[in-house]
Amino acid sequence: MIFSFALIKGLLLLLPFNANYDIPGTITYLDRNGELIGQHSYPGPEKTFIVRTTCSTDELYDTASNKVHHKMRGRSNPITPEQAQKTEDLIRSKDYAGAMKTGNLVQLRPLFERKKDIAFFSQDDGRGEDPVNDSREYVTVVHRNGSREEKKGDVFDPSKSGAECYVPGSSIMYSHSHPSRIVLQGDVEYSFYPQAPSMDDINTLAAGQIRVLFGRGTNKVYIYNSTGVIAVLPTKNYSQ
Amino acid sequence: MKITLLVGSICIFQISFAQTITNLSDADKTTAYVQAVTQYINTYKKDIHKTDTLFLEENSSTTNSLPAIYRSTRLISLSKEQVKQLLNKRHSLNLYRMEQVKCEDGIFSVTLTPLGCGFNKARNKYEYLYGGGYTAIFTFDGKKLVFQKIEEHGI
């Protein structure tokens with residue numbers, strides 16, 4: 001009996017999803033731009049929190065040239081710079097409980113999932129030149145039974161149409177990407193818009209659901225819920 | 001025997017022709033383009049008293065037959081040069097591209113794709129942003145096209 005219990009526990013420790021659960025973990029805190037500002041040990045699985053974004057809808061959805069009034073223009077749900085600063089100051093002074101009470105922290109997905117997502121979504125390298133890999137959406141799905149699925153959407157040309165990827169209804173969590181492809185025809189550049197979550201992305205969520213979007217053209221990761229974008233960070237900082 | 005086979009072949013040909021139409025007359029195509037735009041306006045432009053303009057990318061096979069105005073929305077077809085001239089005067093505009101009518105399994109469709117257009121001074125390039133569109137779906141009742149619905153799609 002004891003042997004069996006030890007064996008089962010040993011086997012569980014070998015599973016990647018449980019690898020961190022029985023050893024002291026850390027809680028990591030990122031500022032509103034995704035930079036590391038605090039970390040402490042913690043007797044449980046790894047957790048990472050980011051301070052909510054202060055970026056307005058215009059800052060996330062206008063392009064360099066374009067005050068875009070497009071049907072897919074989404075929305076931001078930012079906090080004020082003062083609120084963000086107060087939360088970041090609390091973290092820097094190691095008042096983690098105080099920072100948590102502000103309600104301005106967003107928890108990221110587990111680190112092993114974030115690393116897998118980055119590896120998969122980076123097939124679109126963000127340069128917009130590859131007519132295949134940079135011209136499709138990618139989706140990772142976590143099903144109700146805990147299994148993970150990686151899907152590639154069809155290839156589309158932004159000067160024509162397309163770029164959608166079906167997400168199964170049985171999923172409890174999914175992340176997806178917006179393609180970086182740019183097609184130049186004379187002096188006209190065609191590209192996919194928006195790189196941040198589209199209005200469809202936001203409107204399909206129920207209250208309380210949080211999703212992750214990789215804007216491969218902006219090289220940023222956007223965390224959003226049914227109210228809009230709540231956190232933004234550079235892709236390289238997402239695996240901290 | 002040969003006559004029986006011939007009559008039978010003609011009957012089968014006529015039945016199959018009546019059941020599935022894969023091509024439309026020019027008049028029906030015009031109807032599809034006009035209805036795609038007017039049904040889009042009916043569906044998405046709720047405030048019919050507000051004067052509005054819908055810019056369409058010029059395409060002789062799809063946009064020539066459109067009315068100049070529908071309800072309170074002006075329909076203006078723009079060439080590429082006209083788009084560029086307009087972007088010298090205004091910061092951005094939505095330009096609707098209308099694709100040619102498609103047929104699949106007896107269902108006809110026309111897709112309207114709004115492109116967010118602007119001029120990037122730093123790069124000296126015009127930006128056309130694609131984020132999805134609208135597809136008007138039709139069936140053919142044997143005599144005429146019948147509008148069914150508009151489907152939205154986007155990234």
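Predicted model: local features only at pLDDT ≥ 70, side-chain atom pairs only at ≥ 80, totals over all residues.
1. Helices (H or I, at least four residues) and strands (E, at least two) are DSSP runs, numbered from the N terminus.

2. Residues are numbered from 1 along each chain as its sequence is written, and chains are lettered from A and ligands numbered from 1 in the order in which they are written.

3. Back to α3(A), and to which of its residues are hidden. A residue is called buried if 20 or more other C-beta atoms (placed from the backbone) lie within 10 Å of its own, exposed if 12 or fewer, and partly exposed in between. In α3(A), the buried ones are Ala84(A), Thr87(A), Glu88(A), Leu90(A) and Ile91(A). They lie on the same side of α3(A), because they cover an arc of only 155 degrees around the axis; the arc is that of the directions from the helix axis to the C-beta atoms. An α-helix has 3.6 residues a turn, so residues three or four places apart point the same way. The face turned away carries the exposed Pro81(A) and Glu82(A). Just after the helix, Lys94(A) has a positive phi of about 65 degrees.

4. What does α3(A) pack on? Four strands of chain A make an open, mixed sheet in the order β2-β1-β3-β4, where two strands pair if DSSP finds at least two bridges between them. β2 and β4 of chain A are at the edges with a single partner strand each, so one side of each has no neighbour in the sheet. The twist averages 20 degrees from one strand to the next; axes are lines fitted to C-alpha atoms, for helices over the stretch in contact, and angles run from 0 to 180 degrees between N-to-C directions. β3(A) and β4(A) run antiparallel and are joined by three bridges, with Val51(A) partnered by Leu105(A). The helix α3(A) packs on this sheet, touching β1, β2, β3 and β4 of chain A, at about 45 degrees to the direction of β2(A).

5. Now for chain B, which has three helices and nine strands. Of its 155 residues, 26% are buried. Thr63(B) sits in the loop between β1 (52-57) and β2 (69-70) of chain B. With 19 other C-beta atoms within 10 Å, Thr63(B) is partly exposed. Thr63(B) and Met98(B) are 35 residues apart in sequence, yet their C-alpha atoms are 7.6 Å apart in space.

6. Finally, how do the chains meet? Here 24 residues of chain B are in contact with 26 residues of chain A; contact means C-beta atoms, placed from the backbone, within 7 Å. β6(B) gives the most to the side of chain B that touches chain A, with seven residues. Strand β9 of chain A (residues 188-192) and β7(B) pair in the parallel sense over five bridges, and Tyr190(A) has Tyr128(B) as its bridge partner.

Key:
Contact = placed C-beta atoms within 7 Å.
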